[in-house]
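The tour below goes from one selection to the next.

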Amino acid sequence: MKTFKMEELLKYVSMADSQVLALCMIDIDYFKRYIDFHGQLEGDRCFVLVADCLGTVMGNHKGFLSYFSGDKFICLLTDIEAEDLAQFAENLREAVENLNFKFCWQQHSFQVTISVGGVHGLVSQFKDKEEILSVADEELYKAKSTGRNNVKIKFK
């Protein structure tokens, strides 16, 4: 999986000026707890498992999936309809949940899940390229603040 720097991502977005664009930010829920209990090596194993799962869902969609930062991935799709994006994001969430991969925290077992925040619209509908990222990040925050293992998408 390629890791994109911010400049590369914004360049990719710039090439899509006349296209419909969707950007999803994906965060592994409670990942710090996972690492605190199981250690960094097991955390890396979990991260790779989730990355492989997301890559499988990404399949042949037009765009890319990348590590972004911390415990986040970013997925950029072009030429995707709003309802297809909603289903795609839900498929990402569901696929990770269906891994049935668990971790322990304070004597309880928890399912590894993800939260997804996304944005959909024409690139020209955003005031600048950075707004696309900030809106997706805001939606991710909403997904996490409403209980995690959620999808929130803003449609322009």
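Is Cys46 buried or exposed? Select Cys46: its relative accessibility is 0%, so Cys46 counts as buried (buried means under 20% relative accessible area, exposed over 50%, partly exposed in between, with a 1.4 Å probe and protein chains only). Next select Cys53, which is buried with a relative accessible area of 11%. A search of the whole structure for disulfides (pairs of cysteine sulfur atoms within 2.5 Å) finds zero.

This is a predicted model, in which local features need pLDDT of at least 70 and side-chain atom pairs count only at pLDDT 80 or more, while totals for chains, interfaces and linings use all residues. Residues are numbered from 1 along each chain as its sequence is written, and side-chain values use heavy atoms, with hydrogens and water left out.

Now show the whole chain as a cartoon. The protein chain has five helices and seven strands (DSSP runs, numbered from the N terminus: helices are H or I with at least four residues, strands are E with at least two). Their order along the sequence is α-β-α-α-β-β-α-β-β-β-α-β. Of the 156 residues in the protein chain, 44% are buried.

Select Ile26, Val50, Leu54, Phe73, Val112 and Ile114. Within the largest nonpolar core, which has 31 residues, these touch the most other members (a nonpolar core is a set of buried Ala, Val, Leu, Ile, Met, Phe, Trp, Tyr and Cys residues joined through side-chain atoms within 4.5 Å). Elements that each supply at least two residues of this core include strand E1 (20-28), helix H3 (40-58) and helix H4 (82-97). H3 gives the most, with eight residues. A second, separate core of 15 residues includes Leu23, Met25, Leu76 and Leu133.

Centre on Ile26. Leaving aside neighbours within four places in sequence, the residues in contact with Ile26 (heavy atoms within 4.5 Å) include Leu54, Leu65, Phe73, Leu92 and Ile114.
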